[in-house]
There are 2 protein chains.
Amino acid sequence: MHVADALAKLTYRLEEIHELEAISGLLVWDQRTMMPPAGTRIRGRHTGLLRRLAHEKLIDPEVGRLLEELRPVEESLDPDSDEAALIRLARREHEKAVRVPPELTAEMARAASEAAPAWLEAKATSSFARFLPALERTIELRRRYVECFEPREEPYDVLLDDFEPEMRTAEVRRIFDEIKPELVALVAACREREVDDSFLTGNYPIDRQETLAKEVVELFGHRPDAWRIDPTEHPFASAAGIDDIRITTHYSPSSIDSLFATIHEYGHGLYEHQLPERIAHLPIGEAASHGVHESQSRLWENLVGRSLPFWRFFYPRLRERFPEQLGQVELERFVAAINVVRPSLIRIHADEVTYGMHVILRFELEQDIVNGRIELRDLPEAWSQKMWEYLGVEVPDDAHGVLQDVHWSAGHFGYFPTYLLGTVMSVQIWEAARRDLRDLDEQIERGEFGPLREWLGEHVHAHGRKFTPQETLRRATGSTIDARPYLAYLRRKFGAPIPA
Amino acid sequence: MHVADALAKLTYRLEEIHELEAISGLLVWDQRTMMPPAGTRIRGRHTGLLRRLAHEKLIDPEVGRLLEELRPVEESLDPDSDEAALIRLARREHEKAVRVPPELTAEMARAASEAAPAWLEAKATSSFARFLPALERTIELRRRYVECFEPREEPYDVLLDDFEPEMRTAEVRRIFDEIKPELVALVAACREREVDDSFLTGNYPIDRQETLAKEVVELFGHRPDAWRIDPTEHPFASAAGIDDIRITTHYSPSSIDSLFATIHEYGHGLYEHQLPERIAHLPIGEAASHGVHESQSRLWENLVGRSLPFWRFFYPRLRERFPEQLGQVELERFVAAINVVRPSLIRIHADEVTYGMHVILRFELEQDIVNGRIELRDLPEAWSQKMWEYLGVEVPDDAHGVLQDVHWSAGHFGYFPTYLLGTVMSVQIWEAARRDLRDLDEQIERGEFGPLREWLGEHVHAHGRKFTPQETLRRATGSTIDARPYLAYLRRKFGAPIPA
């Protein structure tokens with residue numbers, strides 16, 4: 001009775017924390033899609049308040065006391081049960097949070113909000129020097145953050161843990177070291193190849209792209225009463241609840257790139273939509289990690305959205321919408337074009353092969369920064385060197401180099417690796433789905449996505465955040481992270497003379 | 001030093017309360033404009049959480065302690081100062097809130113959320129009997145709510161106070177008793193009059209109405225980076241902050257009614273936009289009351305938006321947008337048509353003259369309910385009788401009678417009178433602006449709204465919620481509420497044979 005009471009009290013508090021964060025997420029969505037621009041200042045106060053309240057509730061000594069009270073019971077519970085998972089997660093989050101003094105938390109939030117305009121201005125004027133003071137401050141605070149914790153194998157472990165819980169830097173390094181030479185070789189091989197993708201740029205009216213976005217999301221499967229799609233500068237996905245999914249995409253009048261952004265965000269949205277309703281009001285009902293989230297978006301974007309079977313089904317529809325642009329382009333040429341490998345400057349526009357190198361470059365620089373092996377002022381130079389070495393690309397200025405991503409301004413060191421970890425996991429998950437579903441390619445060729453959606457729901461989404469990301473992956477695929485399926489997939493798809 | 005500390009602590013807490021309520025308001029806006037419908041359930045939890053947190057912060061014994069500590073200082077402060085106003089308001093709100101047991105607050109919230117679908121269903125099927133159990137429950141809870149407070153002159157005083165602070169029922173009755181016979185006589189006089197307003201219904205394409213809504217708001221004056229307008233079933237105004245104003249309007253393809261809804265909501269929006277920035281993060285920086293808010297919307301809708309000077313300026317523009325519909329209609333005919341007095345069933349569609357009678361009817365019935373002078377099951381009958389008596393209108397069914405408004409389902413007894421109080425005040429404020437600005441009519445005829453906007457900002461909006469509504473009105477106009485200017489205005493405008 002006593003224990004049931006403690007568990008009920010803990011659950012109640014975790015529910016509040018989860019909901020405050022969900023509301024905060026909605027405020028961010030609103031800010032990026034709907035808010036009149038002058039609302040920025042007050043919006044910062046509002047999201048700040050919600051996060052502070054959630055943080056205060058998490059570090060409340062009463063949570064520690066309840067967790068103490070529940071310690072004996074935790075061992076007697078089935079570790080797979082919701083209750084055990086909830087206590088486990090609460091303990092983990094509480095113990096992490098209480099290590100960080102509230103003043104440091106506040107200072108980090110303030111530094112991030114001050115770094116944001118500094119980064120924007122630096123990027124607009126392509127001047128890393130303007131961003132440098134804000135970056136120095138951010139990194140100094142991150143160092144102090146790392147020092148709040150017991151020493152790990154490497155300081156970067158602490159940072160990584162915030163985005164990919166319980167993943168170690170050494171493990172990431174092992175995986176990336178395995179990937180790197182293969183990607184470099186593949187990039188070199190693809191470079192020789194001539195692929196005509198000129199028809200992908202041209203006159204692609206936005207209203208027709210909007211119709212297309214709705215059509216593809218409907219085809220994959222969604223409940224129209226529970227989703228919405230809006231245009232933004234940078235596509236993202238957000239969920240105020242499992243039945244309130246909001247994805248965005250970016251429409252350009254001169255390309256159909258929006259389609260791949262929509263498909264990518266659909267993957268994120270589907271994960272949030274299929275989280276288990278039973279625990280959707282609790283932190284264990286959230287997504288497992290940034291990496292696992294990315295595995296879902298990359299799976300839909302690449303394994304489905306850039307595959308021949310999908311386009312066998314969907315290309316006639318696309319061509320019907322854009323007859324002037326694609327009427328003369330046959331299926332194989334189109335699929336080759338959307339899979340062209342072409343080293344370029346900007347990560348978010350990179351193809352499947354070069355994408356990994358963009359991430360590895362950032363991971364390596366973050367290592368150097370955190371371990372003090374590089375002076376911050378030398379970052380642009382180091383960036384350019386690596387871009388040349390890995391992709392043979394010359395960086396013309398800071399805006400197209402070291403300043404391109406928002407992450408560092410927000411203090412998000414340890415975030416980048418999850419993009420590639422997610423991509424690696426996406427292929428493992430895809431292969432597992434394929435084994436179970438047997439004729440997945442044929443289903444997709446017939447435009448049937450229900451079985452894939454349900455398989456992902458049952459094997460990935462249903463776990464929420466009950467387990468570590470790696471345990472979630474193991475339950476879905478039978479294995480923890482493994483680069484081999486990903487590399488085999490890339491070799492199969494891009495090693496052949498004509499990709500398809 | 002000690003006192004400064006107590007004041008800072010109190011301020012901090014009030015700031016949190018204000019911001020939680022602002023966030024809650026944004027969630028309501030989102031729900032009515034953007035949210036996928038399936039998000040309703042979780043949204044209810046989110047707004048419920050924010051309101052509970054705000055309430056918990058308000059009733060926190062520490063607030064009581066701080067107020068005790070500040071009691072001696074309060075008397076030494078200039079009563080017009082922000083500090084004195086803040087302490088005064090905090091004391092008032094805290095003392096009211098602590099009188100209500102949390103269980104009753106929770107029960108009222110639950111009853112309201114259960115009554116909402118019951119009311120919708122009852123209205124859809126036009127069956128008051130279906131709504132009756134929910135209404136009985138709501139009223140029982142309101143009685144218990146009233147009992148939480150020291151006895152006032154009348155129990156209804158307690159309810160009224162939540163919408164129009166420190167206004168007494170006897171005062172409302174006195175004003176309404178003064179208004180009622182005049183309105184009844186005016187309605188009877190107008191009934192004789194034949195006015196052709198057939199051209200106001202017809203083909204009014206929505207896209208042109210949307211352009212018009214933007215045009216009129218721009219003409220009145222707004223910062224486009226701080227406002228937005230969206231379509232909703234029921235128009236409303238909302239503000240997440242003084243620079244984040246969101247109004248909505250309802251477009252029908254067969255009338256230009258949306259224009260008046262837009263102008264009405266502009267008045268609400270302008271109030272929120274011109275609240276003093278200095279205290280905008282605090283409860284004293286909110287609007288003074290429901291009544292004062294309504295005075296602003298009614299001022300713009302009626303005193304500006306249905307006036308001859310305004311249309312002298314704006315009619316050519318309107319006619320240009322709708323040449324097929326209005327090309328043959330001269331200015332005077334148009335202005336007569338938008339001012340037609342025609343008794344009808346639905347309050348929100350009522351003209352300036354009959355509107356007051358709709359409110360008085362509701363106020364009288366609420367009195368009868370609260371004082372136990374009527375059986376709830378007899379409400380539809382009582383409603384019909386009064387409609388016939390006051391407006392000569394026959395009520396065909398409950399949906400067009402007693403079930404038309406949402407307020408009772410939400411437990412909002414005491415809200416209705418503020419609509420008419422606001423309307424009365426709007427004329428007092430208008431006359432004061434006119435005295436100060438001298439050539440207000442001519443300004444409006446020239447399309448100049450800056451002086452009026454600034455006058456309202458300085459004399460009404462600048463006070464925020466520092467004073468009682470009546471004190472706010474007195475500072476703006478030199479007088480507390482007075483029905484005479486309103487009645488004189490109605491007689492001037494509608495007593496003449498052709499209204500203009």
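Mentor: Gladly. Let's begin with contact: two residues are in contact if their C-beta atoms, placed from the backbone, lie within 7 Å. Keep in mind that this is a predicted model.

Trainee: How many residues does the contact take from chain B and from chain A?

Mentor: Chain B puts in 26 residues, and chain A puts in 26 residues too. On the side of chain B that touches chain A, the elements giving two or more residues are α1 (2-33), α2 (40-59), β1 (227-231) and β2 (237-241) of chain B.

Trainee: How do you know that the copies meet through the same surface?

Mentor: Of the interface residues of chain B, 100% are also interface residues in chain A, so the copies do meet through the same surface.

Trainee: And what makes the relation of the chains that of a two-fold axis?

Mentor: Look at the superposition: chain B is placed on chain A by a rotation of 180 degrees, with 0.0 Å of shift along its axis and an RMSD of 0.0 Å. That is the relation of a two-fold axis.

Trainee: Moving inside chain A, which domains does the assignment give?

Mentor: The assignment for chain A lists domain 1 (1-98), domain 2 (105-149) and domain 3 (152-500). Taken over C-alpha atoms, the centres of domain 1 and domain 3 of chain A are separated by 29 Å. Their contact takes 16 residues from domain 1 of chain A and 14 residues from domain 3 of chain A.

Trainee: Which elements give two or more residues to the side of domain 1 of chain A that touches domain 3 of chain A?

Mentor: Those are α1 (2-33) and α4 (82-98) of chain A. The most comes from α1(A), with 12 residues. By class, that side of domain 1 of chain A divides into 9 nonpolar, 4 polar and 3 charged residues.

Trainee: Now the helices. Why are α5(A) and α6(A) called roughly antiparallel?

Mentor: Helix α5 (residues 102-124) and helix α6 (residues 128-147) of chain A have axes that come within 9 Å and cross at roughly 160 degrees. Angles over 145 count as roughly antiparallel, and α5(A) and α6(A) are therefore roughly antiparallel to each other. Their crossing is left-handed.

Trainee: Which residues make that contact?

Mentor: Among them are L104(A), M108(A) and W119(A) of α5(A), with F128(A), F131(A) and L141(A) of α6(A). The residues of the contact of α5(A) with α6(A) divide into 12 nonpolar, 1 polar and 6 charged.

Trainee: What makes α10(B) oblique to α11(B)?

Mentor: The axes of helix α10 (residues 257-273) and helix α11 (residues 290-304) of chain B come within 7 Å and cross at roughly 135 degrees. The roughly perpendicular class runs from 65 to 115, and roughly antiparallel needs an angle over 145. That makes α10(B) oblique to α11(B). Here the crossing is right-handed. The contact of α10(B) with α11(B) has 7 nonpolar, 6 polar and 2 charged residues.

Trainee: And why is α11(B) called oblique to α17(B)?

Mentor: α11(B) packs against helix α17 (residues 417-437) of chain B at an angle of about 60 degrees, with the axes 7 Å apart. Roughly parallel needs an angle under 35, while roughly perpendicular runs from 65 to 115. That makes α11(B) oblique to α17(B), and α11(B) passes α17(B) in a right-handed crossing. The residues that meet include H290(B), V292(B) and L299(B) in α11(B) and Y419(B), M425(B) and W430(B) in α17(B). This contact of α11(B) with α17(B) divides into 8 nonpolar, 9 polar and 2 charged residues.

Technical notes: Residues numbered from 1 in each chain as written. Chains lettered and ligands numbered in written order. Predicted model: local features only at pLDDT ≥ 70, side-chain atom pairs only at ≥ 80, totals over all residues. Helix = DSSP H or I, 4+ residues; strand = E, 2+ residues; numbered from the N terminus. Axes fitted to C-alpha atoms, helices over the stretch in contact; angles between N-to-C directions. Left-handed = near helix turned anticlockwise from the far one by under 90°. Nonpolar A, V, L, I, M, F, W, Y, C, P; charged D, E, K, R; others polar. Least-squares fit on C-alpha atoms with pLDDT ≥ 70 in both. Domains from an automatic or database assignment.
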